[in-house]
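Hello,

Here is the structure I promised to pass on to you. Have a look at it first, and then read on for what turned up when I went through it.

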Amino acid sequence: MSKKRKIVSGIVFGVLIVCLLVGIILTGGSHGEEEAIQEVMRDAVLHESAKVSLFGLKDVNPGLISAFMVTCIMTVFAIIVRIFVIPRFKMVPGKFQMVLEMAVSIFDGTADSNCPHKNGFLKAYMFVAGAYIFVSTIFELLGIQVITTTGRPITLSAPLSDINGAIMMGCTTYLFIMVGGLTQNGIKGVLKTIKEFSLPISMSFRLFGALLSGALVTELVYYFKATRFVLPVLVGVMFTLLHALIQAYVLTMLCSVFYGEVTEKKPKKEKKKKIKEEINPEVQ
């Protein structure tokens, strides 16, 4: 890097620091504690006051609006990729093709290692579930705002940070595993799945707790005046990306492991030939 670039970078960095200090001084006594931190956390969990009208039909949690938007975005993106991108794949992959093939190979490898028998549908579900968790988690970074029924603007959060969305993801995965056990092992597969009755609960609260913890940490950092500049952005982005990757990996891993267990068929026992204990003396 040349000296001129170093000098320019130093000046820009210094100007940013000065602007931040001026902002802290000017806003030191303005917004403070308009809302108690307990209310902020409770509203982040229960969504009692932050309701959004669904086409004027019903007041719903913001997470449902986020889920609809994420589903539409992923559906349109998948259609565009399937029609315009995949037919143009080459033997020497480009950047986007390489990323897409790498993502598919990760889920395929996980499915093959945990469930090597009849795992075609498992691979498809793992890819869709992992992609949905990842996209829906980073969705909150877009900062899309809506107006609540009380007239207050809020930023749409991740769909899975709503307990209802997390429960539905856990229950859907559990039902997928049960259907796989039923098609492969019949009633035995269903009974194996029922034994793991705590699976949907653990999956749901793992997703909900992880995403909610990131949101609450960001709220805590932003709540205090000394840390509400720059730091909340770094903390929010870091927690969001980590949770998106970790939770997508954890849920798909658990899904493949339990799916492999309930669909595994025990080898048939070879029929043992009966051996006569007493030998006919005439044969001897």
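**What I found**

Let me begin with Q184, which, apart from residues within four places in sequence, is in contact with K118, T263 and K265. Please keep in mind throughout that this is a predicted model. Q184 sits in helix α6, which runs over residues 163–185. Its relative accessibility is 18%, and because buried means under 20%, Q184 counts as buried.

Next, the core. The largest nonpolar core is made up of 38 residues. Within it, L122, I133, M169, F176, I177 and L207 have the most contacts. Two or more residues come from each of β1 (52–54), α3 (62–85), α4 (95–114), α5 (120–138), α6, α8 (199–223) and α9 (231–263).

Setting aside residues up to four places away in sequence, I133 touches L160, M169, L207, A244, Q247, A248 and L251. Two of these partners, M169 and L207, are also listed among the residues with the most contacts inside the core.

Helix α3 is worth a look of its own. It has 24 residues and reaches 33 Å from its first C-alpha to its last, close to the 34 Å expected at 1.5 Å a residue. Its buried residues are P62, G63, I65, S66, A67, V70 and V81. What lies over them? The cover for the buried residues of α3 includes β1, β2 (58–60), α4, α5 and β4 (153–155).

I106 and Y249 are 143 residues apart in sequence, yet their C-alpha atoms are 9.8 Å apart in space.

The other residue is D112, whose side chain meets that of K123 in a salt bridge, at 3.2 Å from N to O. The pair links distant parts of the chain, with D112 in helix α4 and K123 in helix α5, eleven residues apart. D112 is partly exposed, with a relative accessible area of 37%. How many salt bridges are there in total? The count comes to one.

Best wishes

Key:
Residues are numbered from 1 along each chain as its sequence is written. This is a predicted model: local features need pLDDT of at least 70, side-chain atom pairs count only at pLDDT 80 or more; totals for chains, interfaces and linings use all residues. Side-chain values use heavy atoms; hydrogens and water are left out. Helices (H or I, at least four residues) and strands (E, at least two) are DSSP runs, numbered from the N terminus. Buried means under 20% relative accessible area, exposed over 50%, partly exposed in between (1.4 Å probe, protein chains only). Contact means heavy atoms within 4.5 Å. A nonpolar core is a set of buried Ala, Val, Leu, Ile, Met, Phe, Trp, Tyr and Cys residues joined through side-chain atoms within 4.5 Å. The expected span of a helix is 1.5 Å times one less than its number of residues. A salt bridge is a side-chain nitrogen of Lys or Arg within 4 Å of a carboxyl oxygen of Asp or Glu.
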